[in-house]
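Please look over the chain below before reading on.

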Amino acid sequence: FIVFLCSCFLQGIAQNREINFGQTTLEEALERASQSNKLIFVDCYTTYCPPCREMAATVFKTDSVADFFNATFENVKMNMSEKGNKLYMEKYLVGAFPSFLLLNAKGELLYKFVGGMPADKFMRHIRLGMNPNNEVVQMNMVYSSGKYSNKFMRDYIRLKLRLLERTEAVRLTAMYLESLSSKERASKENWFIFDDKTLCEVNNPNMHYLFEHWRDFVKQNGEKVVFDRIAYLCRWISEWELRDWKYGKSESDFEFYKHYLAEMNIPNKQDYLRMMEINQVHASGDKEQTRNLLAEYVPDFTVENQQILFAGMGLFPNAEREKGTQFYELAKKILLKGEKSNLTNFLESIVDVEEIYGGEKYDVPALHTKVGTTSIIPFFHPRKEMFWYLLENADGQKQYYAYDRKRGKRVL
């Protein structure tokens, strides 16, 4: 995003022309296009969309872009937040902003692309779209004919995902999978469906199918790929449940997941079974027991799985973050394991770190007795988990050391 902004800024220097949208409605542009024989360019935007504003302030005001558009297209700007434009969102399957459309004089979609971008990339898309045989037109035509292969359907679904036409992508996927055998569904060529956030989201039929038929997927895709995905989904399920993001789930959903997890030889299986136990209790409405289970189980999770505590943190009142409270003791157990993560960074910002890491570290006589000095200043490697330090012993002798987890302390 920063690169995009910088690029747009540089392109915007000394530019004083812009795309002429005027106050033209789409209906007026269609009428004009029928006379001028021009294509129609439509900028689908919202006022709350930062990339939309950046495109309007930079790319649309680049002289070369403005000159080309004003000479080539009937230009229309549509605020998709306005009620009158909702029908166009449905007609052209606009699922994200900004979305850019090229239409003919009949209002038929010729090309579509999505997202903020620099002027050169924007123009590449436009020139592709002006080709009457572009990908969007050709694939829409093939699909409309009803004569297509399974490979075409996979590519067509990917196109819909790329254009952020999520609802349509889900519909096409359901239709496609329905035509396949169990073996075909679990094949490598179809794995992208079960590895996609839109097509295999929390508690939807494809997620259920992946859990139910995990053996078929492992046989064709390998344990690592499948179990990594299932582990991710377990964390995702937990985040949805603990944040109260409702998706039509019930306590029985978690029994379903527990049943299939128990059959798998997935690494850290105990973590995922316990996540489902936590989720099940939370779904029952017992917040106190949910807190108890989080406090008991999360410190023993892997670093990656501990991140679900972010979602469950709202169950612990702020007042409970003081020393001696349940949340404090939970944070202490996690921090004393010494493994760095986003979670530990956050916990260090909200609890008394000196209290948690206290003890002999701040006991000056003990430091002098055990290490020979009361002052050790480490120099940390910028990328690796290692550091160097100078140590002066009780006799005043100085020695440089290096330390990392694998090799421990060594003399330099």
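How many helices and how many strands are there in the protein chain? The protein chain has 23 helices and 8 strands, where helices (H or I, at least four residues) and strands (E, at least two) are DSSP runs numbered from the N terminus. The radius of gyration of the protein chain, taken over C-alpha atoms, is 29 Å, well over the 22 Å that the globule rule gives for 412 residues, so the chain is more spread out than a compact globule; the rule itself is 2.2 Å times the number of residues to the power 0.38. Along the principal axes, the C-alpha atoms fill a box of roughly 95 × 60 × 45 Å.

This is a predicted model, in which local features need pLDDT of at least 70 and side-chain atom pairs count only at pLDDT 80 or more, while totals for chains, interfaces and linings use all residues. Residues are numbered from 1 along each chain as its sequence is written, and side-chain values use heavy atoms, with hydrogens and water left out.

Of the 412 residues, 44% count as buried, that is, under 20% relative accessible area, with exposed meaning over 50% and partly exposed in between (1.4 Å probe, protein chains only). The protein chain exposes about 22,300 Å², of which carbon and sulfur atoms supply 52%, as computed by the Shrake-Rupley method with a 1.4 Å probe. Among contacts (heavy atoms within 4.5 Å) between residues at least 6 apart in sequence, 57% join residues at least 24 apart.

The charged side chains come next. The protein chain has 55 positive and 55 negative side chains, and the centres of the two sets lie 5 Å apart; Lys and Arg count as positive and Asp and Glu as negative, without His and the chain ends, and each charge is placed at NZ of Lys, CZ of Arg, CG of Asp or CD of Glu. Side chains of opposite charge can pair when their charged atoms come close. The structure holds 19 salt bridges, each a side-chain nitrogen of Lys or Arg within 4 Å of a carboxyl oxygen of Asp or Glu.

One of these joins R32 and E74, with the closest N and O atoms 3.0 Å apart. This pair links distant parts of the chain, since R32 belongs to helix α2 (residues 26–36) and E74 to strand β2 (residues 73–79), 42 residues apart. R32 is partly exposed at 37% relative accessibility, whereas E74 is buried at 9%.

Which residue forms a salt bridge with K112? The partner is E165, and the closest N and O atoms are 2.6 Å apart. E165 lies in the loop between α8 (150–162) and α9 (166–178) and K112 in strand β4 (residues 109–114), so the pair ties together parts that are 53 residues apart in sequence. E165 is buried at 4% relative accessibility, and K112 is buried at 1%. E165 also forms a salt bridge with K160, at 2.9 Å between the closest N and O atoms, and K160 is buried at 6%. Elsewhere, R17, D63 and D67 are linked in a network of salt bridges.

In the loop between β2 and α5 (86–91) lies N85, which is buried at 12% relative accessibility and touches M78, N79 and M80, not counting residues up to four places away in sequence.
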